[in-house]
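User: I would like to learn how to read a structure like this one, feature by feature. Can we go through it together?

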Amino acid sequence: MITHLDLPVILHNEKRGLLTVEDGRLDVLQLSSDGRPPRRLLSSPLRNFLRAYLATSKPDQEQKNRRLDLHSLSQKDRTLRLVKLHVLVEPINVSEAERWVDNIMSASYGSIKPFRRVLLLVNPVGGKGKAKSIVHDAVMPILEAAGCVVDKRETTHRLHAEEIAREIELDYDVIATSSGDGLVYEVINGLAVRSDARRALQIPVAPIPTGSANAVCINLFGVEDTFNIPLSCLNVIKGRRLPIDLCSVLLLPSMTRRFSFLSAATGLMVDLDIGTENLRWMGDARFTVGFLRGIVGNKGSKCRLKLKVVQDDKVEMAREAREQARVRKGTKVVGGGVNPLVNGVKTLGLNGGTSGSGMVQDHGDEVTPISAADPDDDYVPDHGPIHAAKPLDPDSTWLTIESPTSKPTIKPKTNTARSLDTSAALSQNRNDWLDGQSVLYFYAGMMPWAARDLNQWPVAIAGDGLIDVVVQSVVPRLTLVNAITGAAEGEAYWLDSQHYYKVSAIVAENLDKANQPIFTIDGESFPWDSFHIELHRRIANLLSLDGDFYASNFVQKHEKK
Ligand SMILES: Nc1ncnc2c1ncn2[C@@H]1O[C@H](COP(=O)(O)OP(=O)(O)OP(=O)(O)O)[C@@H](O)[C@H]1O
């Protein structure tokens, strides 16, 4: 039990100072000699504290003052800035200072091991092409200030990150990717095809948002902090393990297999990702533009979908997502506009354990067999490969959704986004697929947000072993244009035309190969004849500041319903 966290020091201006740790904060105080109250020079929450380092002394210099370095991220509103300061410790206080350093490090890191070994992959052409300078100017200084051991490698060509992940020694604590979702996808795919895939995938991946599509960062840090570089660095340094499911997507007839952690799409959503590459300069605004363009085209997706449905009750799915958020975060749902900078690692107690309700699962960064935590898990606790993919064999219990091959039928619905009333939707809960409807898009996802302005799967739960599937039927254009307003908040979930299922397997057949040759996996395009998706539960890992996805307004808003 830590009882004493004050340390007398000499400040840079040679005045006397005191370092105090109290209520989860470090304060650096300048003491006055004339009885006036002390002056606060720095006040930093411990969740942002990176490192305390007491210089060693040579045998003949034991009677000299010792330098103590303090590195932290100072925080003003949502802005984090690296602060490095040093003070001097007098010889008489050295033993106390050594204890103080140990104490502040364990209070700041809890069960997280400091000084992580980081493989940092940098895509110099991702997003607006600024990754190299962002890494040089902002990322490396923060990681180094935290004492991380960084192996930085630039990718030189497409799929280079995948090649690296296939070959690396598994002696990193984290693989950080400075790019967009594409590099995370490549790393996951590289790790997943290894003969020791199950062990390799235990190394968590932590994205640093220097790409244009950074859906993972939205899901980890929220809409407002998606591009918060220092926050993403803090996640590399102190993030907690977040086990996620992977989809194994088998393409027929080529029998090509890819792993997906984010999404699979047909129809309008393909145009949104692939049809907007020339708009990359816009950043993530390109997706709204793509959506509007797609609606104007109003192309349907001619397909036969077979879904192994586990849950199709929208009210129940929303309730479960809410409950999940409540249980994971403690007694109160957090998120939804709540600053992850505040939620972050705040539950670390001074003793290094967790404080508060005790309901927060602290995964730390130890490699634990996931199956030990969840008896229902299909995780195989060996360190071998992921079993080979084979075509699925849907039976009559699967739901079949087939677009008519004749002219699309447009069925106007009364429930537009503008007139969306959740309580009305709750009482109606119309989620049944009516035969004869045309499919505008099929979009399967593993995390809530597809883009900052699209919370497409608001009831997605990390590592629940289920794929969230949206099948949007063709409706009048105005309905979809109106739906854009609530899309960022996940409100389109309640549209009658947006059919929503939690499934454990999918077969999607292309009924018009000439006009819709491709589908996308995690935003990358592939030839589409048919694809079969099965799920591997909690087999891969990301890092997040509280061990879960960022909790959306959607989960909070419907709490009382
Ligand atoms: N040096 C390189 N030259 C060309 N392409 C590269 C290089 N390094 C990586 N790539 C490729 O860049 C692509 C885009 O990466 P990523 O998705 O991470 O960034 P992005 O800017 O968000 O792109 P997108 O908008 O397509 O998601 C990936 O397919 C990756 O293989």
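User: Where do we start?

Analyst: With confidence, as this is a predicted model. The mean pLDDT of the protein is 84. A pLDDT of 70 or more is reached by 80% of its residues. The model scores are ipTM 0.97 and pTM 0.87.

User: Over which residues does pLDDT stay under 50?

Analyst: First the general idea. Where pLDDT is low, the predicted coordinates should not be read in detail. Here, pLDDT stays under 50 over residues 331–340. The model has 31 contacts beyond four places in sequence for that stretch. Residues 408–428 also have pLDDT below 50, with 43 contacts in the model beyond near neighbours in sequence.

User: How many helices and strands does the protein have?

Analyst: It has 15 helices and 24 strands. Of its 561 residues, 49% are buried. Now take the contacts between residues at least 6 apart in sequence: 75% of them join residues at least 24 apart.

User: What does the UniProt record list for residues 113–253?

Analyst: The record, an unreviewed entry, lists "domain: DAGKc" there. In the model, residues 113–253 are 40% helix and 26% strand. The end C-alpha atoms of that range are 46 Å apart.

User: How do I check the length of a helix?

Analyst: Helix α4 covers residues 181–192. At 1.5 Å a residue, its 12 residues should span 16 Å. The end C-alpha atoms of α4 are 16 Å apart, so the two agree. Helix α1, residues 94–109, is a second case. Its 16 residues should span 22 Å, and its end C-alpha atoms are 23 Å apart, which agrees.

User: Is α4 enclosed or open to the outside?

Analyst: Count its buried residues. In α4, 12 of the 12 are buried, so the helix is largely enclosed by the rest of the structure. Among them are Asp-181, Tyr-185, Glu-186 and Asn-189.

User: Which residues of α1 are buried?

Analyst: Ala-97, Trp-100, Asn-103, Ile-104, Ala-107, Ser-108 and Tyr-109. Just after α1 comes Gly-110, with a positive phi of about 55°.

User: Which residues are closest to the ligand?

Analyst: Thr-155, Ser-179, Gly-180, Gly-182 and Gly-211. In total, 22 residues surround the ligand. Helix α4 gives the most to this shell, with 4 residues. One of the closest, Gly-182, is also a buried residue of α4.

User: How do the shell residues divide by type?

Analyst: The shell has 5 nonpolar, 13 polar and 4 charged residues.

User: What should I look for in the backbone?

Analyst: Most residues other than glycine have a negative phi, and most peptide bonds are trans. Leu-159 has a phi near 70°, a positive value in a residue other than glycine. Met-255 is not a glycine either, yet its phi is positive, about 60°.

User: Where do Leu-159 and Met-255 sit?

Analyst: Both are in loops. Leu-159 is between β9 (149–154) and α3 (160–167). Met-255 is between β12 and β13. Leu-159 is partly exposed, with 13 other C-beta atoms within 10 Å. Met-255 is exposed, with 11 such atoms within 10 Å.

User: Which peptide bond is cis?

Analyst: The bond from Leu-252 to Pro-253, with omega near 5°. Pro-253 is found in the loop between β12 (240–252) and β13 (256–260). Met-255 is in the loop between those strands too.

Methods
Residues are numbered from 1 along each chain as its sequence is written. This is a predicted model: local features need pLDDT of at least 70, side-chain atom pairs count only at pLDDT 80 or more; totals for chains, interfaces and linings use all residues. Helices (H or I, at least four residues) and strands (E, at least two) are DSSP runs, numbered from the N terminus. The expected span of a helix is 1.5 Å times one less than its number of residues. A residue is buried if 20 or more other C-beta atoms lie within 10 Å of its own, exposed if 12 or fewer, and partly exposed in between; C-beta atoms are placed from the backbone. UniProt positions are given in the numbering used here, feature names are shortened, and annotations may be inferred rather than shown by experiment. pLDDT is the predictor's confidence in each residue, from 0 to 100. Two residues are in contact if their C-beta atoms, placed from the backbone, lie within 7 Å. A residue is near a molecule or strand if its C-beta atom, placed from the backbone, lies within 6 Å of it. Ala, Val, Leu, Ile, Met, Phe, Trp, Tyr, Cys and Pro count as nonpolar, Asp, Glu, Lys and Arg as charged, and the others, Gly among them, as polar.
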